[in-house]
Amino acid sequence: MVRVIFKGLASFCAIFGLAIAMAAPAYAYLDPGTGSIIIQSVIGGIAAASAFGAMYWSRFKEFLARIRGNSTSEDKADNE
Amino acid sequence: MIKAVPVSGSFRDPAGHVFEHEGRIFRSVTRYGRASFETVLATGFLDELVQTGALLPFERVEDAALLDLFPEAELLFEHPKLTYVSYPYEWSFFQLRDAALLQLDIAIKALDAGVVLSDATAYNIQFIGSRPVFIDHLSFQPYQDGAYWMGHRQFCEQFLNPLLLRAKLGISHNAWFRGGLEGISTADLDKLLGRSQKMSIRMLAHVVMPAKAQRDAMRKSVGTTKPMSQRKGLPKASYRGLLTQLRGWISGLHPKGASASVWGSYSDDNTYDDDENRLKAAFVDQFIRSVKPDLTFDLGCNSGAFSEVALNAGSKAVVGFDFDQVALDKAYHRAKDKTLNLLSLFLDASNPSPSQGWQQSERTGFSQRATADAVLALAFEHHLAIGKNVPLEQVVEWLVSLAPQGVIEFVDKNDPTIQAMLAMREDIFQTYSQPVFEAALEQVASVVEKKQVTKDGRTMYWFKRHD
């Protein structure tokens, strides 16, 4: 009986020990670039969207400048 | 037959190695790297970069006798030899910034040409005078759809983070970068930044979130982080977005608390505005015209005024050294604005760059790296002899060891700058005097010419080393 309990205890310890070993944090095994790769889709998406937005914003500003420029020259023409 | 041996810093990339053989620089491309390199070469992108000056020129070597020396090489190229190799921990803020912008510009152009950079190490950039140039031809690889930017972390640690350290916290990157060699880790910078400094999209994207993702991944068990092969990949627009976002951010970074007038004001340090500087400039001019050096070291170069005198007098190149960050920024702007062949670098002469890295030879130390034909040490020796307590004899011996000929300015104890240095400390320098200086100089060199340039006793010595 004692033997059985001892055996059970031993295998419990072995399994528990293995579980601890397997749950070991990644630390030195993890490539230092992992963090960067994991979030690249998110931050890259934001960067692309803001580049896209900036492009349209500058086109919009050019458009406004063109309208203003045209109206100024028309005004001038009217005055002449 | 003696085989060529790779230079000590060239061991990481299995695609090829760099060799120095009989004073010439060669690059092998191995069987491992050949297919990828030939695909990139066929795009014509590398030739385009060489034409714009962004990439170091390369020429195919087909001489069978030479090829025999490089058994690993399936292809062999030769590069022009750089006058002086420098490292990011010796660059000023603006040099590092320009190097970062070059790296990003190349990466953006590359992506448009269907090419990517496999890494983003700052050691892949060298300076020719004040112009940064990319030197690693094997970093280029064909772009594949969905590829992640593999160099992002390295770019942040070797370019972005050191720049942010000075721009946001006012701390120069040099000592820390030299200590760590691989830059400033994102985890460390994340710990240093205040909460309000973290509240920007770019700071969150390139510092705070990568640091957190890395921390989270490290807490997980081994093998639970999804491997690259199972990840969705990065759309090309996002890849490009990351590069252009960083480019925009970095081009607007400046050292904290300094205005453009500070580093742009190198012309205030004019060499011709008073008698002392006029005399010094004339002395340097005469010395350089006589010696005709290819390479001159200017120790304590300040804003590079006398480096410029040396270049105008015929020195082909000058490498200037100083430990003052503002002086280095000024010298760099002078060299850029006037396209001078002047490379200004950070150096604390009492603790010069050591040989370090893998096997303590990956990055070469100051004294092993290059020898100059001439050395200038104007208003310099007292910083070592008085500022750092180095015995005057040792200072003289060290300066003379740097080049066969040179100019040393002796600063007398009566000089106001030494008086200022001694104002808050005991004068322990009983043997610091002009006769002691002269005796020390005559031990190792002969004096070709000598001229007193101030009434307080500053004196220029043109020496010729006993060889």
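Ground rules, quickly. This is a predicted model, where local features need pLDDT of at least 70, side-chain atom pairs count only at pLDDT 80 or more, and totals for chains, interfaces and linings use all residues. Residues are numbered from 1 along each chain as its sequence is written, chains are lettered from A and ligands numbered from 1 in the order in which they are written, and side-chain values use heavy atoms, with hydrogens and water left out.

Start with the interface. Chain A puts 28 residues in contact with 29 residues of chain B; contact means heavy atoms within 4.5 Å. Together the two chains bury about 2200 Å². Of that, 69% is on carbon and sulfur atoms. Buried area here is the accessible area, with a 1.4 Å probe, that two parts lose on being put together, summed over both.

Which three residues of chain A supply more of its buried area than any other three? They are A:Ile37, A:Gln40 and A:Ile43, with 25% of what chain A buries against chain B. Helix H2 of chain A, residues 34–79, gives the largest share of the side touching chain B: 17 residues. Helices are DSSP runs of H or I, at least four residues; strands are runs of E, at least two; both are numbered from the N terminus.

Now chain B. Its secondary structure comes to 19 helices and 15 strands. The C-alpha trace spans about 75 × 65 × 40 Å along its principal axes. Buried residues, meaning under 20% relative accessible area with a 1.4 Å probe and protein chains only, make up 52% of the 467 in chain B. Take contacts between residues at least 6 apart in sequence: 70% of them in chain B join residues at least 24 apart.

Last, one residue. B:Arg240 sits in helix H10 of chain B, residues 236–251. Is B:Arg240 buried, partly exposed or exposed? Partly exposed, because its relative accessibility is 32%; that class lies between the buried limit and exposed, which is over 50%.

Leaving out residues up to four places away in sequence, B:Arg240 touches B:Ile108, B:Leu111 and B:Asp112. The side chains of B:Arg240 and B:Asp112 make a polar contact of 3.0 Å. A polar contact is a pair of N or O atoms within 3.5 Å; within protein, one must be able to donate a hydrogen and the other to accept it, and residues adjacent in sequence count only if both atoms are side-chain atoms.
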